[in-house]
Amino acid sequence: MLLDVDNLRTYFHSRHGTVRAVDGVSFSLGAGETLGVVGESGCGKSVMCMSLLGLIPQPPGRIESGRARFGGVDLLACSASELRAVRGCRISMVFQDPMTSLNPYLRVSTQVVEPLLYHKGLSQPAALEQAIAALDAVGIPDAARRIHAYPYEFSGGMRQRVMIAMALVTRPEILIADEPTTALDVTVQAQILERVRTMQRELGTAMILVTHDLGVVAGVCDRILVMYAGRIVESGTVRAVFGTPAHPYTAALQKSIPALHRKGDPLYTIGGQPPDLRREIAGCAFAERCEFAVECCQRPVELRPLTAEHWTACTRRLAGDITLPGAGTTSR
Amino acid sequence: MGNDRTTDVATNPAPRARADGTAGVPEQGTSLWGDALYRLRRNRLARFGLAFSILVTVVSFIGPYCTPYSYDATDLVYGAQSPSPEHWCGTDTLGRDVLTRILYGGRISLTVGFLATAVSLVIGVLYGAVSGYLGGKLDAVMMRAVDILYALPFTVFVILLTVAFGQDLRLLFLAIGAVSWLTMARIVRGQVLFVRRQEYVEAAVALGLGTPRIILRHVIPNVLGPVIVYATLTVPAVMLLEAALSFLGLGVQPPMSSWGVLIKEGAEKMDIYPWLLIWPAAVFSLTLFSLNFLGDGLRDALDPQGARD
């Protein structure tokens, strides 16, 4: 496995108590694989990604436990200089908002070239040539001239392309994309995801794609992690998780997709609020919003295999007590 | 900043097919600095300020070589003459040419102003940026040090220095430099606290860049706007400080001249020989005015949202 994350816990210690943003997450990522991470806002998706690259502000954040093995180093325990050598070179990250992720005072060329100069030790002309090729590959017209422009001269979609080019210019082994298309409009979203897919195939890069758009996951990913309250509640191949969801939360998320409703029907929403992460949650975190919850859901749960490629943290589903409607049965 | 000028390259890929259709569009977009310079050039007062400051500087540094008199050559026969074709600004009670002394004094006053500002720029920006970017305990310690230095009464500080080390122009530089970087450090730190939370800084960290590189390349350029404005306003403030010290007799000592010394000498005799006060005071005030105009213009140019038009 390219990346092996084991029992990652990231807590934030605030005045108002300890927030368990990521609470015992384990997963692995194979070379060239695309892993989707879905869940509501505030369920720890981004914090999990930031933890892997050591981008959690400390304090108040702290990585309480866990290992993330990546090519012989433990990303969570290695020295700052080892981590710097990995960041932006072997693991790159694309942020959510392209409008604020580029430095407004520096030309795009300066910023795209930076990782090449810094990590690969290329000369300025060689790096510039590669940077132009990278911008070209993400679909920026007239890249050789455009590269000398300033960020304000680019639209949001174009800036996100620049960010992606910047992330992929060093040919990283893993690309972490934290909601890369959330800030963009729908037509641009599809174009950008398509570009990323193409580049990914060419370079053999694995990707962790964080999103709350289930449609994107279904279209792009090989495997999915469904997160809730800082824990993984279900994981498996896209086919397994979407075809036969094995956790009530996944099923409820699916039911909430407006496109799957008959026109005129009230839209489905999951009742209640995600739990307060400052509270210790002993049993299943979703129990208080779950229509299938019974007393045994208050006992500790853990992610267990249903089949070899489909894991769930729902005790009742594991025991075979309940059957959940899959995507096929909710659609008209 | 600059979002209002966003151009979508996808819809206008060709350089000459921009929406405004102007011919000869620049091949490379203007930087935010370029934009600011453009706005500064349209500001008449600022342009005047810049031109006058440059003029005064050039004349002060070249002028003393062109006048036929030396700044300390006394000529008691011609003592205290009113302005004449030989002595354009008259002579003082010891017969020294006032114009030469003004030019010579300008050299010292301007040197003090610019040098102290340069010192405050380098120390203040680096200190503030490091303190703000690294944060935590280090930030607290560094800022408390600034607070302590702030608490020193400046005049007492200078008097102590002169008492301990004697009259020395270098001491004056040192004293002013030591005090003027404090505010700069605070301003920079405040700005950096904001900038370091910006996503592009986080993105730079995610790119694996080292801390010094991030501070120098990504943080400092983004705080330079307010820094430049403050620096421009520091020059006249420091010159005023020097004048005040010289006026009190703590700064530049006769026969050397500075604008502060000249104004002091002029003020003592202003009811009999008014030109001794009028000329140096006029040059000094005009210079301060133009530097302040320039600073105001720069502030408007670098902060387009705050500008009136």
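Trainee: Is A:C89 buried or exposed?
Mentor: A:C89 counts as buried, because its relative accessibility is 12%. Buried is under 20% relative accessible area, exposed is over 50%, and partly exposed is in between, with a 1.4 Å probe and protein chains only. Before we go on: this is a predicted model, where local features need pLDDT of at least 70, side-chain atom pairs count only at pLDDT 80 or more, and totals for chains, interfaces and linings use all residues. Residues are numbered from 1 along each chain as its sequence is written, chains are lettered from A and ligands numbered from 1 in the order in which they are written, and side-chain values use heavy atoms, with hydrogens and water left out.

Trainee: OK. How many disulfides turn up over all chains?
Mentor: Zero, searching the whole structure. The cut-off for a disulfide is a pair of cysteine sulfur atoms within 2.5 Å.

Trainee: Switching to sheets. What is the strand order in the four-stranded one in chain A?
Mentor: The order is β2-β1-β4-β5, an open sheet with antiparallel pairing. Strands here are DSSP runs of E with at least two residues, helices are runs of H or I with at least four, and both are numbered from the N terminus. Two strands pair if DSSP finds at least two bridges between them.

Trainee: And which strands stand at its edges?
Mentor: β2 (17–29) and β5 (73–74) of chain A; each has a single partner strand, so one side of each is left without a neighbour in the sheet.

Trainee: How many bridges join β1 and β4 of chain A?
Mentor: Eight, linking β1 (residues 3–14) and β4 (residues 61–70) in the antiparallel sense. As a landmark, A:F12 stands opposite A:G61 in β4(A).

Trainee: Which helix packs on that sheet?
Mentor: Helix α1 of chain A, residues 45–52, which touches β1, β2 and β4 and makes about 110 degrees with the direction of β1(A). Contact means heavy atoms within 4.5 Å. For the angles, axes are lines fitted to C-alpha atoms, for helices over the stretch in contact, and values run from 0 to 180 degrees between N-to-C directions.

Trainee: What about the eight-stranded sheet in chain A, what's its order?
Mentor: It goes β6-β7-β8-β3-β9-β10-β12-β11, open again, with mixed pairing. Here β6 (91–94) and β11 (304–307) stand at the edges. On average, neighbouring strands are turned by 20 degrees against each other, direction ignored.

Trainee: How do β6(A) and β7(A) run, parallel or antiparallel?
Mentor: Parallel, joined by four bridges. A:M93 faces A:I176 in β7(A) across that pair. Helix α7(A) packs on this sheet too, touching β3, β7 and β8 of chain A at about 155 degrees to β8(A).

Trainee: Then where does α1(A) lie relative to this sheet?
Mentor: Across β3 (34–38), β6, β7, β8 and β9 (223–228) of chain A, at about 145 degrees to β8(A).

Trainee: Now loops. Where is A:T211?
Mentor: In the loop between β8 (206–210) and α8 (214–220) of chain A. A:T211 is buried, at 6% relative accessible area. A polar atom of its side chain is 2.8 Å from the backbone nitrogen of A:D213. Leaving out residues up to four places away in sequence, A:T211 touches several residues, including A:K45 and A:E179.

Trainee: What's the phi of A:E179?
Mentor: Near 45 degrees, a positive value in a residue other than glycine. Most residues other than glycine have a negative phi. A:E179 is in the loop between β7 (174–178) and α7 (186–203) of chain A, and is buried at 8% relative accessibility.

Trainee: Last topic, chain B. How many helices and strands does it have?
Mentor: Ten helices and zero strands. Of its 309 residues, 45% count as buried.

Trainee: Where's B:S258?
Mentor: In the loop between α8 (211–247) and α9 (259–268) of chain B. B:S258 counts as buried, at 0% relative accessibility, and its contacts beyond four places in sequence include B:G105, B:I108 and B:E242.

Terms used. Polar contact = N/O pair within 3.5 Å; in protein donor to acceptor, adjacent residues only side chain to side chain.
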